[in-house]
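Here is my note for a first reading. Please keep the structure open and go through the points in order.

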Amino acid sequence: MLFIISVALVVLLVISPYVVTVWKRYKMLRRLTAVAAKNGFRIRRLRKLVCFSLNRAKKYDILFENKSCAYAVKLWSATKKDSTLVIKANGSIFLSSMSASPLYVDGTAKERRKNSRITSVPVTQNNFRVRKGKPVVNVLLYYPPYKEVVLDLGKSKRRVESGDRLFDKVFCVPAYFEKILCENAVDAAKTEALAPKESGVPNFTEKS
């Protein structure tokens with residue numbers, strides 16, 4: 001019995017970050033859905049169990065659409081909130097975090113940086129249809145967040161912010177995306193508000 005309880009506790013410890021991520025995604029999408037509906041947008045879920053979508057899944061998760069424009073949304077969430085997401089110049093990614101080294105003789109410990117395995121990000125495939133001629137903006141909806149998201153260009157590094165372009169998408173935290181939906185409810189034909197700000201961040205998309 002003690003063994004079963006121990007195994008259950010270990011399993012719970014392992015999956016708890018994912019459970020928290022799914023719950024936070026659910027609350028975020030519930031709010032955005034209400035805001036979008038209030039501002040005249042129709043919401044189309046493009047897959048079952050949207051809250052369980054993987055970051056590097058090959059298709060979009062949700063479509064926000066009104067008569068004049070549409071937003072194709074890919075969800076991206078952090079399960080390790082103390083880690084930094086690093087994006088390299090070729091579009092590959094890895095997580096970086098600080099961990100304590102073994103104690104020294106004097107009882108002190110020194111932090112060292114630990115990096116995960118480098119992986120690629122596939123091109124996101126369109127899995128929806130809209131009226132011909134309707135502008136579609138691809139969005140990377142980012143929540144819950146990492147400690148930070150960093151662009152590593154080799155000789156320089158910079159923090160990625162909402163409005164920058166990553167993987168052929170506009171990088172958005174929920175508040176930024178909500179603001180866009182509200183602004184475009186007044187006159188959705190004015191698509192200037194849909195465009196990302198000029199930030200000098202290259203548009204990284206890993207080729208499949």
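1. **Aromatic pairs.** A search of the whole structure turns up 8 aromatic pairs. Rings of Phe, Tyr and Trp (its six-membered ring) pair if their centres lie within 6.5 Å; planes under 30 degrees apart count as stacked, over 60 as edge-to-face and the rest as tilted. One of the pairs is tyrosine 71 with phenylalanine 177, which is edge-to-face, at 5.5 Å centre to centre and 85° between the planes. This pair links distant parts of the chain: tyrosine 71 sits in strand S3 (residues 70–76), phenylalanine 177 in helix H2 (residues 174–186), and they are 106 residues apart. Helices (H or I, at least four residues) and strands (E, at least two) are DSSP runs, numbered from the N terminus. Tyrosine 71 is buried at 0% relative accessibility. Phenylalanine 177 is also buried, at 0%. Buried means under 20% relative accessible area, exposed over 50%, partly exposed in between (1.4 Å probe, protein chains only).

2. **Basis of the model.** This is a predicted model, in which local features need pLDDT of at least 70, side-chain atom pairs count only at pLDDT 80 or more, and totals for chains, interfaces and linings use all residues. Residues are numbered from 1 along each chain as its sequence is written, and side-chain values use heavy atoms, with hydrogens and water left out.

3. **Confidence.** pLDDT is the predictor's confidence in each residue, from 0 to 100. The protein chain averages 82, and 75% of the residues score at least 70. Contact means heavy atoms within 4.5 Å. Residues 188–208 also stay under 50, but there the model has 57 contacts beyond four places in sequence. Where pLDDT is low, the predicted coordinates should not be read in detail.

4. **A ring cluster and a stacked pair.** Ring pairs link Phe41, Phe64, Tyr71 and Phe177 into a cluster. Tyrosine 71, buried at 0% relative accessibility, lies within that cluster. Next comes a stacked pair: the rings of tryptophan 76 and phenylalanine 167 have centres 6.1 Å apart and planes at 10°. Tryptophan 76 lies in strand S3 and phenylalanine 167 in the loop between strand S10 (165–166) and strand S11 (169–172), so the pair ties together parts 91 residues apart in sequence. Tryptophan 76 is buried, with a relative accessible area of 4%. Phenylalanine 167 is buried too, at 5%.

5. **Strand S7.** Why is strand S7 described as largely enclosed by the rest of the structure? Because 6 of the 7 residues of strand S7 (residues 136–142) are buried. Strand S7 runs parallel to S3, joined by 7 bridges. It also runs parallel to S11, joined by 3 bridges. Two strands pair if DSSP finds at least two bridges between them. Valine 139 in S7 stands opposite valine 73. Valine 139 also stands opposite valine 170 in S11.

6. **Backbone points to check.** Which peptide bond is cis? The bond from tyrosine 143 to proline 144 is, with omega near -10°. Proline 144 is in the loop between S7 and strand S8 (148–152). Leucine 49 has a phi near 50°, a positive value in a residue other than glycine. Leucine 49 lies in the loop between strand S1 (42–45) and strand S2 (62–65), and it is exposed at 64% relative accessibility. Phenylalanine 167 has a positive phi of about 55° although it is not a glycine.

7. **Serine 77.** Serine 77 is in the loop between S3 and strand S4 (84–88). Is serine 77 buried or exposed? It is buried, with a relative accessible area of 3%. Its side chain reaches the backbone oxygen of tyrosine 143 at 2.5 Å. A polar contact is a pair of N or O atoms within 3.5 Å; within protein, one must be able to donate a hydrogen and the other to accept it, and residues adjacent in sequence count only if both atoms are side-chain atoms. Not counting residues up to four places away in sequence, serine 77 touches Thr21, Arg25, Asn55, Tyr143, Pro144 and Tyr146.

8. **Cysteines.** The whole structure has 0 disulfides, a disulfide being a pair of cysteine sulfur atoms within 2.5 Å. Cysteine 69 is buried at 0% relative accessible area. Cysteine 172 is buried at 0% as well.
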